Amino acid sequence: MFIIPKLQLEDIFACAQCGYCVKKCPVYYFLGWESTSPRGKMFTLKEILGNNSRLDEQKIHKLGKPLSMRFFNCTFCGLCKEVCHVEVDLLEIWSKVREVLYELGIVPESIIKLSETVKQSKNIYMMDNTSRMDWVTYTGADVNFKDSAEVVYFVGCITSFSGRVQSIAQAVSSLLNYVNEDWTLLKDEWCCGHPLVLSGAIREARVLAFHNVEMIESTGAKRVVTGCPGCYLALKHEYPRLLGKKPKFEVLHSSQLLSTYITSGRLVVPKSDITLTYHDPCELGRISGIIREPRVVLQSVTDTFVEPEYFGRESICCGSGGLLKAVNPSLAESIAQRRYGMLASTNVEVIVSACPTCVQTLAQTATTMQNGKRVIDLSQLIAERIGLM
Amino acid sequence: MTTSDKFLSELINRLGQEYVSVDSLEKLVYAHDFAALPKFVKLLFNTTPDVIVRPKSTEHVTEIMKLANEYKIPVIPRGSATWGFGGTVPVKGGIILDLTGLNRIIHLDEKNGLLTVECGVVWEDVIRFLRKTCWELPTYPSSALSSTVGGWAATGGIGYGSLKYGPFVKNVVKVTAVLPDGRVIVVDDNSDPSLSQLFGSEGILCVFTELTLKMVPKNEAEMPFMANFSNFANALMAAQEVLRLTRPHSLVLRTFGFVRTKDYVESDAYFFGCFNDNRRDVYEQYLKLDSIVNRYRGYLVPEDEARREWEERFYTLRIKKWGPSILGNEFIIPVHKILDMVRYCWQLGNQAHLDVEVEVMFISKDEALMFPLFLCDERKPIRYLMSAAIAKKVLDVAIKVGGRPYGYGLWNFPFMEIAEPEKKRELERMKSTLDSQNLLNPGKTIGAEVMLGLPLPGKLYSTFMDGVWVLRKVI
């Protein structure tokens, strides 16, 4: 039996079934059936609640895999929470349900594989974790491995291992060097644990959190910077909850750091007439509230910055959030194509984002299109404009 | 192969597997609408659909209706299910016709300001689409972020902008509708049946599939406003004077009665709305509003705050979080009876020990749409059932003072005989002509049926609810 905490129980009943979340949901947009919508899932939850605010295990087992697929066919983009009529924290509920499903072993095969992979290899690619720093050799980046530093650059699995976006790590490193920051990489970085939190594997995520916090704190760093919104979310918001204490460092996303450098005059970017649009990553914009900073950076580069249809808090997911790419790759691809279409229709030269997953997904989609646009990360854009790459 | 198997296989053959579902989870979530159903309802009605279909065209709807006739299976049309009167809840299983897949904006006649859309288009998409044009919607529902154009045509059709531009029915040129026998007709003001006969028929006479809407040229200026008052009577009088002296796009009055603070008698209130016109007229109207608000000792809030309230206009149920459930009703009432009705709602809330929010949307100088909400908790089933009778009590009095329900559906059907007997006769006549097999949304609006097709007499239902109310006092 799983007891739903009181506040979340109130929320399940408070859901007005108004449907404001339905049309916004990027998954519902393609699947179309009510049960795949946030409203449908909330109603389902209400129906599988037994007496005394407990999720009825028997009912969950009876509904089995189809139920589980409804909750894993979700990008965790948080748009449902954003438009919620009664301000229900739907992301919190989806997390809790995934946790329950994971505990009961009713999760898609790909999720079990992923969590096993992370548990064993400490990264999401089943690579030997000692090869995590191979990107340094591949890109020729100038990096530091110090025992102590002011700033730790937490690279993250995707940026470290995925060839398409390793240049983001190169860009961030070169920018940190350019402003003479006292920084270092971690000697033994592990996956941030966010994919495990999204899988519902909380206990396993806690192990990773503990290791990473210990590693970061051993450097005495006051600040950790990451270019990955998933890592940012884990380090900033999930770790305090997983570990029951606030780590002794401040967490910043690279866009925040760049914005500070630019506004303080530490970093001067030559303006050009390049035309740009910006895709707000869900975990950075809507969920973490970092919307202004990337725009400060972009506006330092060009005056011809065009907002796409749906931006800021209203931005639409690229399709790769919430582990959807692992659970339902074709659906993730459809969502990516939709979002790419919106961005490309701004008729700009370059699409910019501030997330390795979004950049990777949108760039991949661009290659399948005729005259596909260039998709790059914000840090790459700045490093290029300054002439560091 | 049983009849239902045959039906299903033929349905899939004609439409394609991707448009049909018999999944048990799907059946679960399509068995309800906006309102939380008390458990006893499931004893009276078979609310679980047999199959859910998501048509993509008028031709699909026609096919489904023909097949339903052949196999005598009920069809329940459904938009976004944001109406709380049980209009999309099956009462004897059948086919749920989920129309949200018909969601194309077909054509904008830029010259004449006529927009043709499919029935499943959500209002917000229409509003967004029109931003790039020189036209705007005259009226749209308060649930515009999720409700569909076809859904609003089938139900009330009163919302924001109705005060200035009239109800939805006055802003539609023609519609394409599928009749219960599967025939497709194009309906306008002069056709037989006419637009006004089919509009608001709550899905018992036809399924709207395409609608051509009248737009209005975009106004030069838009000025939201909001005014707070220390008591409801002053707010109401000020609102009436605003109606008399200005031409607002919308005017909505809200007040709250809280059991916990005993704040019923002198509850504060506020109204908000918007002027849209040319710049000069908007400015002049705003000056008039300012002097009216001052005269009634109100406080006109700063423009940015008023704009925020206006942007929040679709979020009328924020208060539900404190329930976490709500009970309520919606009815149209003469403006001069608003004060009496609000007091009666407070009285009922006090008796049932429930907090109340009352929202009044003015639809003309003489009439308003009233929406009282009583906060309750469905997790306490006995108390919830007892309190459910409050929705009937409030409507009883509204009708007595000259009001009429905004909709009938499943829950308000007994009131049609009392509130609008002529309309009921007309609907009954049309129902028997157009749907002799009673397949389209049966057991709604003009009469209900319980399990096994037994009729549920309106009087029995009313007496039951009255009994529940009395029982509540005893318990």
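Analyst: In this predicted model, a helix axis is a line fitted to C-alpha atoms over the stretch in contact, and angles between N-to-C directions run from 0 to 180 degrees.

User: At what angle do the axes of helix H9 and helix H10 of chain B cross?

Analyst: Helix H9 of chain B covers residues 232–245, and helix H10 of chain B covers residues 279–295. Their axes come within 9 Å, and the crossing angle is roughly 155°.

User: Is H9(B) roughly parallel or roughly antiparallel to H10(B)?

Analyst: The axes of H9(B) and H10(B) cross at roughly 155°. Angles over 145 degrees count as roughly antiparallel. H9(B) is therefore, relative to H10(B), roughly antiparallel.

User: Which residues of H10(B) make the contact with H9(B)?

Analyst: H9(B) passes H10(B) in a right-handed crossing. From H9(B), the contact takes Ala238(B), Glu241(B), Val242(B) and Leu245(B). By class, the contact of the two helices has five nonpolar, no polar and three charged residues. On the H10(B) side, the residues are Lys288(B), Leu289(B), Ile292(B) and Arg295(B).

User: Are H18(A) and H19(A) roughly parallel or roughly perpendicular?

Analyst: Helix H18 of chain A spans residues 329–344 and helix H19 of chain A spans residues 356–367; their axes are 9 Å apart at an angle of about 80°. The range from 65 to 115 degrees counts as roughly perpendicular. H18(A) and H19(A) are therefore roughly perpendicular.

User: Which residues in H19(A) meet H18(A)?

Analyst: H18(A) contributes Ala336(A), Gln337(A), Arg339(A), Tyr340(A) and Leu343(A). Facing these in H19(A) are Thr361(A), Leu362(A), Thr365(A) and Ala366(A).

User: Is the crossing of H1(A) and H4(A) left-handed or right-handed?

Analyst: H1(A) and H4(A) pack with their axes 9 Å apart, at an angle of about 115°. The crossing is left-handed.

User: Which residues of H4(A) make the contact with H1(A)?

Analyst: H1(A) brings Asp11(A), Ile12(A) and Phe13(A) to the contact. The residues of both helices divide into four nonpolar, no polar and two charged. From H4(A) come Met42(A), Leu45(A) and Lys46(A).

User: How many salt bridges are counted between chain B and chain A?

Analyst: At this interface, 41 residues of chain B are in contact with 38 residues of chain A. The two chains bury about 3200 Å² between them, 54% of it on carbon and sulfur atoms. Over all chains, the whole structure has 59 salt bridges. Between chain B and chain A, the count is eleven.

User: Which residue of chain A forms a salt bridge with Arg78(B)?

Analyst: Side chains of opposite charge can pair when their charged atoms come close. Arg78(B) sits in strand E3 (residues 75–78) of chain B, and its partner is in the loop between helix H3 (26–31) and helix H4 (38–47) of chain A. The closest N and O atoms are 3.7 Å apart, and the partner is Glu34(A).

User: How far apart are the closest N and O atoms of Glu26(B) and Arg70(A)?

Analyst: Glu26(B) and Arg70(A) form a salt bridge. A salt bridge needs a nitrogen within 4 Å of a carboxyl oxygen. For this pair, the separation is 3.3 Å.

User: Which residue is joined to Pro193(B) by a cis peptide bond?

Analyst: Pro193(B) lies in the loop between strand E9 (184–187) and helix H8 (195–198) of chain B. The omega of the cis bond is about -5°, and the residue joined to Pro193(B) is Asp192(B).

Notes. Residues are numbered from 1 along each chain as its sequence is written. Chains are lettered from A and ligands numbered from 1 in the order in which they are written. This is a predicted model: local features need pLDDT of at least 70, side-chain atom pairs count only at pLDDT 80 or more; totals for chains, interfaces and linings use all residues. Side-chain values use heavy atoms; hydrogens and water are left out. Helices (H or I, at least four residues) and strands (E, at least two) are DSSP runs, numbered from the N terminus. Angles under 35 degrees count as roughly parallel, over 145 as roughly antiparallel, 65 to 115 as roughly perpendicular and the rest as oblique. A crossing is left-handed if the near helix is turned anticlockwise from the far one by less than a right angle, and right-handed if clockwise. Contact means heavy atoms within 4.5 Å. Ala, Val, Leu, Ile, Met, Phe, Trp, Tyr, Cys and Pro count as nonpolar, Asp, Glu, Lys and Arg as charged, and the others, Gly among them, as polar. Buried area is the accessible area (1.4 Å probe) that two parts lose on being put together, summed over both. A salt bridge is a side-chain nitrogen of Lys or Arg within 4 Å of a carboxyl oxygen of Asp or Glu.
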